[in-house]
Amino acid sequence: MSPAHPIEGLPRQVTVYEVGPRDGLQNESAIVPVEVKAEFVDRLADAGHKIIETTSFVHPRWVPQLADAEELLGKLRRRPGVRYPVLVPNERGLERALAHGVEEIAVFASATETFAAKNLNRGLESQFEMFEPVVAAAVENGVRVRAYVSMCFGDPWEGPTPVSQVVAVGERLLGLGCYQLSLGDTIGVGTPGHVAALIEAFGSPDRLAVHFHDTYGQALGNTLAALRAGVTTVDASTGGIGGCPYAESATGNLATEDLVWMLRGLGIETGLDLDKLVSTSTWLAQRLGRPSPSRVVQALSKG
């Protein structure tokens, strides 16, 4: 790799919030053995990840791939200094998570009416009736809560999402007690100018993260725009695996390796070992039966 060439105004360090084991695997049609999932998580920790979203306590009927949440948590080799958050959809999911000693959770909201109905069986306003008791109970039990907002840039049924609508949903979630808000481009239609405008509309980037899908090849450009706007936490999925089971146009997540390659070139620290990430993605691709969509994995594994 060529020497780093920093750009003025970018952060010196970025936190990569790894979502591969949960968001990456949730859309796989063939059930991945729990032993493979546990090894995947451990390999990610070995590569330097400090935050690994591990699974979800959603009802097995809705996401069969994650029906083994309890079993997976029991098999994890937890490393000191590594956080293992899980996604919970409702109070029942929180109860299950708390029973297994989970210390950090995430809730998943929608910025649009239609996706709220399809993904949560709620309306844009009534979704908060589900989140409020979850966040309150989690905080009461000393559990940190992160919030995702999906369809922040566009919705396949409604078209472009108004910036003001995203801000209203996001500020409501932060007001409930969530420590961080991840802005999701679920179908990958965002562009750098739109990203900058949305972050600016929040007033401060301090509690914001970004979650980009690479449907139109914009994920890295959008990430750079977010970094310029002051965001320092970026969601990514090792190998670029993933999608959304409730939005057919949603393709893979931003690949962790592609992100790390760009950040290394900018002289930005992540604490991640790129060689170990590539090795992990190659290992996982063999178990999923298809090559990794990550460009960096494809380039380095051939070399």
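Helices (H or I, at least four residues) and strands (E, at least two) are DSSP runs, numbered from the N terminus. The model shown is predicted: local features need pLDDT of at least 70, side-chain atom pairs count only at pLDDT 80 or more, and totals for chains, interfaces and linings use all residues. Residues are numbered from 1 along each chain as its sequence is written, and side-chain values use heavy atoms, leaving out hydrogens and water.

View 1. Helix α10 is mostly covered, with seven of its 10 residues buried. Buried means under 20% relative accessible area, exposed means over 50%, and partly exposed lies in between (1.4 Å probe, protein chains only). The buried residues are T256, E257, D258, L259, V260, M262 and L263. Their cover includes β1 (15–18), α9 (219–228), β10 (233–236), α11 (274–288) and α12, where contact means heavy atoms within 4.5 Å. After α10 comes G267, with a positive phi near 75°.

**View 2. Packing of α10 against α12.** Two packed helices are described by the angle between their axes and the distance between the axes. Helix α10 (residues 256–265) and helix α12 (residues 295–302) pack at about 85°, and their axes are 6 Å apart. That makes α10 roughly perpendicular to α12; the term covers angles of 65 to 115 degrees, while under 35 is roughly parallel, over 145 roughly antiparallel and the rest oblique. Axes are lines fitted to C-alpha atoms, for helices over the stretch in contact, and angles run from 0 to 180 degrees between N-to-C directions. On the α10 side, E257, D258 and W261 meet R295, V296, V297 and L300 of α12.

**View 3. The buried side of α8.** In helix α8 (residues 192–202), the residues V195, L198, I199 and F202 are buried. They cover an arc of only 95° around the axis, so they lie on the same side of α8; the arc is that of the directions from the helix axis to the C-beta atoms. The face turned away from this buried side carries the exposed residues G193 and E200. Covering the buried residues are elements including α7 (163–176), β8 (180–185), β9 (208–212) and α9. G203, which follows α8, has a positive phi near 90°.

**View 4. Two loop residues with positive phi.** Most residues other than glycine have a negative phi. N121, not a glycine, has a positive phi of about 60° and is found in the loop between α5 (113–120) and α6 (127–140). At 68% relative accessibility, N121 counts as exposed. M151 also has a positive phi, near 60°, and is placed in the loop between β5 (144–150) and β6 (154–155). At 0% relative accessibility, M151 counts as buried.
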